[in-house]
Amino acid sequence: MLRHLMALLTLTLLALPMTAPAQTDPTSEAPIAGTSVDDSPATSTGRQTLEDILARQRGEDPANPVRSHDLGGDALQAPGMGPLGASSDSDIWRQIRFNDGDIRNSTLNPNGDVLIQTGGMWWEELRKGPLRTYGGWLLLGTIAVLAVFYLIRGRIRIDGGKTGTLVLRFKFVERMAHWVLAGSFILLGFTGLFTLFGRKYLIPAFGHEFNSVLLTGSKFIHNNVSWAFMIALAMVFVMWVWHNIPDKTDIIWFKQAGGIIGNKHPPARKFNAGQKIIFWSVIVLGVSVSASGISLLFPFELPLFSHSFDVLNGWGVPGWFGFDALPVNLAPQEEMQFAQLWHAIVAFLMMAVILGHIYIGTLGMEGAYDAMGSGLVDENWAHQHHSLWLEHLQEEKPGKIRPDPAE
Ligand code: HEM
């Protein structure tokens, strides 16, 4: 009981995101709506001034303040010639861009008044380009590697076949938590991928109507099923953390490449070193994807990145990789953009890990699925893959080993 409480406490600490106070002040000092840095003049669209033209001729960049202070001015009040009065479309768009228009939104959040966010262009390009490309190839590459591995290694068989004696490997509550985790993860994975790739692949193939209905449903599922994932993640952590503390049996397991290559079967307790890697990946990536997901679920309320970047800069981390300091004065919209990218990158990594896990739990290893299906594994399987765990049961809990009633 004490162990479980300790585990719960550790999980709570792990899950505590590094929060900074919510940035909901739309009247920030930022020169351009939703942007923490000066806008690149190359993308500016303001009214030309003589200074602008001369600056360009000198090879200099036209200054933004010229544009941001030139939003139509008195001309807007002048009696009109056309439907827009003396103002023009450009004036209106410039006002919107520099957050000076009379904008009302239905989100009740003042940050929603930002309709044009020039500072978000890099994010949109990254999301449309490298994120989709590398993320997609990571998943396809993982499937290809697993297929090749299967062709070379084949299925890992139970040496000497089944004995007809069964060993209880996972109790009902363990299996339930596992399947809630797995089921929710699969739903989250598919709905997330639809959201990222729908516009590019589903619209051309099935049309706008189909994509719209699918994504509306996907968003609903994604937002709500996330809670089941987080609860199951916490349960799995509490139940299995003590079996996943690294110990010296892991060194032997690595030396023998886990018995996956070759025919040796290294000794292992309840979980071998490979499974410990899966477990810790699921916990660390799972907590991270959950934290960034909650930040996205409650827009602008839980900014994670300004503060985290500040901490990383303090440690000098960007310098280790030859980068400049990370930006710390992020506009609320930029916070959300970083959260979206991080959420997607971590999710891709986790999906790749889980593909490997699903492979070994089904096709890759004879007898493995039973552990999570019925909860009972054959004694020979237990001896082959978890010999120290089986010995422990034989000595301490012989009641968990019994003949197969079907035999
Ligand atoms: C269809 C999908 C899945 C199948 C068939 C499957 C199968 C299995 C099996 C058979 C085991 C027990 C291995 C043993 O007896 O030693 C297991 C354990 C585990 N599963 Fe899954 N699983 C699936 C999806 C997932 C997902 C999506 C997650 C996490 C998001 C997950 C996390 C874990 C963890 C942490 C363990 C314990 C460590 C390990 O055995 O690797 N599983 N799974």
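How many residues of the shell around the ligand are nonpolar, how many polar and how many charged? The shell divides into 14 nonpolar residues, five polar and one charged, where Ala, Val, Leu, Ile, Met, Phe, Trp, Tyr, Cys and Pro count as nonpolar, Asp, Glu, Lys and Arg as charged, and the others, Gly among them, as polar.

Before you select anything, note that this is a predicted model, in which local features need pLDDT of at least 70 and side-chain atom pairs count only at pLDDT 80 or more, while totals for chains, interfaces and linings use all residues. Residues are numbered from 1 along each chain as its sequence is written.

**Stop 1: the ligand**

Select the ligand and then Ala182, Phe185, Gln275, Gly361 and Ala371, which come nearest among the 20 residues around the ligand; a residue is near a molecule if its C-beta atom, placed from the backbone, lies within 6 Å of it. Two or more residues of this shell come from each of helix H6 (172-206), helix H9 (273-297), helix H12 (332-361) and helix H13 (368-373). Helices here are DSSP runs of H or I with at least four residues, strands are runs of E with at least two, and both are numbered from the N terminus.

**Stop 2: H9 with H12**

Next select H9 and H12, whose axes come within 9 Å and cross at roughly 150°; axes are lines fitted to C-alpha atoms, for helices over the stretch in contact, and angles run from 0 to 180 degrees between N-to-C directions. The two helices are therefore roughly antiparallel to each other, a term used for angles over 145 degrees. H9 passes H12 in a left-handed crossing, meaning that the near helix is turned anticlockwise from the far one by less than a right angle. Among the residues that meet here are Leu285 and Val289 in H9 and Trp342 and Val346 in H12, and two residues are in contact if their C-beta atoms, placed from the backbone, lie within 7 Å. This contact of H9 with H12 has 12 nonpolar residues, nine polar and no charged.

**Stop 3: H7 with its partners**

On the H7 side the contact includes Met230 and Phe237, and on the H9 side it includes Phe279 and Ile283; by class it has seven nonpolar, five polar and no charged residues.

Now show H6 with H7, which pack at an angle of about 155° with their axes 7 Å apart, and that makes H6 roughly antiparallel to H7. Their crossing is left-handed, and the contact has 22 nonpolar, 11 polar and two charged residues.

**Stop 4: the sheet**

Finally, select the open sheet of three strands, which has the order E2-E1-E3 with antiparallel pairing; two strands pair if DSSP finds at least two bridges between them. Strand E2 (376-378) and strand E3 (401-403) stand at the edges with a single partner strand each, so one side of each is left without a neighbour in the sheet. Strand E1 (residues 165-168) is joined to E3 by three bridges, and Leu166 has Arg402 in E3 as its bridge partner. E1 and E2 also pair over three bridges, with Val377 in E2 as the bridge partner of Val167.

Definitions and conventions:
Angles under 35 degrees count as roughly parallel, over 145 as roughly antiparallel, 65 to 115 as roughly perpendicular and the rest as oblique.
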